[in-house]
Amino acid sequence: MKRVLLLGGTGDALAIARDLPAAHVYSLAGLARVPGDLACAVRVGGFGGVDGLTRYLRAEHIALVVDATHPYAAQMSRHAHDACALAGVPLWAVRRPEWQPQPGDDWRDAAGWTEIVERIAPFHRPLFTLGREALGHLHEVPASQHWTVRCLEAHPGHARATIIDARGPFDLDGERALFDAAGVDVVVSKNSGGRATEAKLVVARERGLPVVMLARPALPESDQSFDDAASARDALQHWLTRP
Ligand code: NAP
């Protein structure tokens, strides 16, 4: 029996996991909700770096790793690459294509936090959609700004920051209402790709607002790469039924 380890934490990964029979394993870091309705096994928590993952692959007789983590979860992807090489296990990756700017977009690239701060300096009401990262910088909110930070974490915020604990997908009407309520004048985003969190870019375009786009991290090579969950799922079904 060929066993698959699916590295998840994304909607794409969950879509693949829904088709995986009981012998296979869906792995989550432990930050997101843990689904309770999957046929496959679900494990939660880190493996303990490359060494831990290599040991896991060997002990659990894993024959294929599918990395369907978020494109900014670069550490997990690097560990998967290195551990698969050490254990002699093939690695597939689901890599959502980046969003591309459309006519009317005003995107400003940022390589990291320092550049984000520089790019938003002229604005007053940034909306951060980077995940938790902005929470570690709340002490830096300048007197001229009020930040709105949307992430998967409950947090009291403070006088110059509002924290919204919300999970996508987000639709256009909801995003328009958020932009209105928060008075957003600049958006800070990862280039996550996919549909679930794209609406904020449409609203920024509608309103002529700039988007500060954090560059994607470099990701390792894989034996096969897929743009979306559907193509990875088809290839996986084929691989599982192949003798
Ligand atoms: P990361 O920096 O690449 O990984 C940090 C550590 O978390 C890894 O070294 C690993 O610990 C553990 N880990 C990550 N993904 C795991 C998985 N699927 N199964 C088991 N352990 C995992 O990851 P991150 O950016 O913190 O993201 C954590 C999780 O949230 C990922 O599963 C990712 O798909 C999901 N997510 C991330 C983002 C984002 O923007 N970064 C957005 C949406 C969802 P060990 O070294 O101990 O193995």
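**Ligand shell, salt bridges and cysteines in a predicted model**

Me: How many residues surround the ligand, and which are the closest?
Reply: The ligand is surrounded by 22 residues, and the closest are G8, S27, F47, Q75 and K190. Keep in mind that this is a predicted model.

Me: Which element gives the most to that shell?
Reply: Helix α3 does, with 4 residues. Both β2 (25-28) and α3 (74-87) supply at least two residues each.

Me: What lies 2.7 Å from the ligand on the S27 side?
Reply: A polar side-chain atom of S27 is 2.7 Å from a nitrogen atom of the ligand. For G8, a backbone N or O atom lies 2.7 Å from a ligand oxygen.

Me: And what about M76, which ligand atom does its backbone face?
Reply: An oxygen atom of the ligand, which is 2.8 Å from a polar backbone atom of M76. Overall, the ligand taken alone exposes 810 Å², and the protein buries 77% of that.

Me: Changing topic. How many salt bridges does the search find?
Reply: The search of the whole structure gives 16. One of them is R96 with D12, with the closest N and O atoms 3.2 Å apart. R96 sits in the loop between β5 and β6 and D12 in helix α1 (residues 11-17), so this pair ties together parts that are 84 residues apart in sequence.

Me: Is R96 buried or exposed?
Reply: R96 is buried, at a relative accessible area of 17%.

Me: What does R150 pair with?
Reply: R150 forms a salt bridge with E175, and the closest N and O atoms are 2.8 Å apart. The pair links distant parts of the chain, with R150 in strand β8 (residues 147-151) and E175 in helix α5, 25 residues apart.

Me: Are those two buried or exposed?
Reply: R150 is buried, with a relative accessible area of 7%. E175 is buried too, at 2% relative accessibility.

Me: Where does D180 come in, and what is its partner?
Reply: D180 makes a salt bridge with R207, the closest N and O atoms being 2.8 Å apart. D180 is in helix α5 and R207 in helix α6 (residues 199-207), so the pair ties together parts 27 residues apart in sequence. D180 counts as exposed at 53% relative accessibility, while R207 is partly exposed at 34%.

Me: Which residues are linked in a network of salt bridges?
Reply: E115, E118 and R119 are linked that way.

Me: What does the side chain of D105 contact?
Reply: The side chains of D105 and R205 are joined by a polar contact of 2.8 Å. A polar atom of the D105 side chain also lies 2.6 Å from the backbone nitrogen of Q102. D105 itself is in the loop between β5 (91-94) and β6 (107-110), and at 19% relative accessibility it counts as buried.

Me: On to cysteines. How many disulfides are there?
Reply: The search of the whole structure finds 0.

Me: What is the phi of H61?
Reply: H61 has a positive phi of about 55 degrees, although it is not a glycine. H61 lies in the loop between α2 (49-59) and β4 (62-67) and counts as exposed at 62% relative accessibility.

Me: Last one. Which residues make the nonpolar surface patch?
Reply: V34, V42 and V44 make it, and it covers about 200 Å². V42 is in strand β3 (residues 41-44) and is partly exposed, at 32% relative accessible area.

Note on methods. Residues numbered from 1 in each chain as written. Predicted model: local features only at pLDDT ≥ 70, side-chain atom pairs only at ≥ 80, totals over all residues. Heavy atoms only, no water. Buried < 20%, exposed > 50% of the residue type's maximum accessible area, 1.4 Å probe, protein only. Patch = residues over 30% accessible without salt bridge, like charges linked within 9 Å, V, L, I, M, F, W, Y side chains within 5 Å. Areas by Shrake-Rupley, 256 points an atom, 1.4 Å probe, with all protein chains shown as cover. Salt bridge = Lys/Arg side-chain N within 4 Å of Asp/Glu carboxyl O. Disulfide = S-S within 2.5 Å. Near = heavy atom within 4 Å. Polar contact = N/O pair within 3.5 Å; in protein donor to acceptor, adjacent residues only side chain to side chain.
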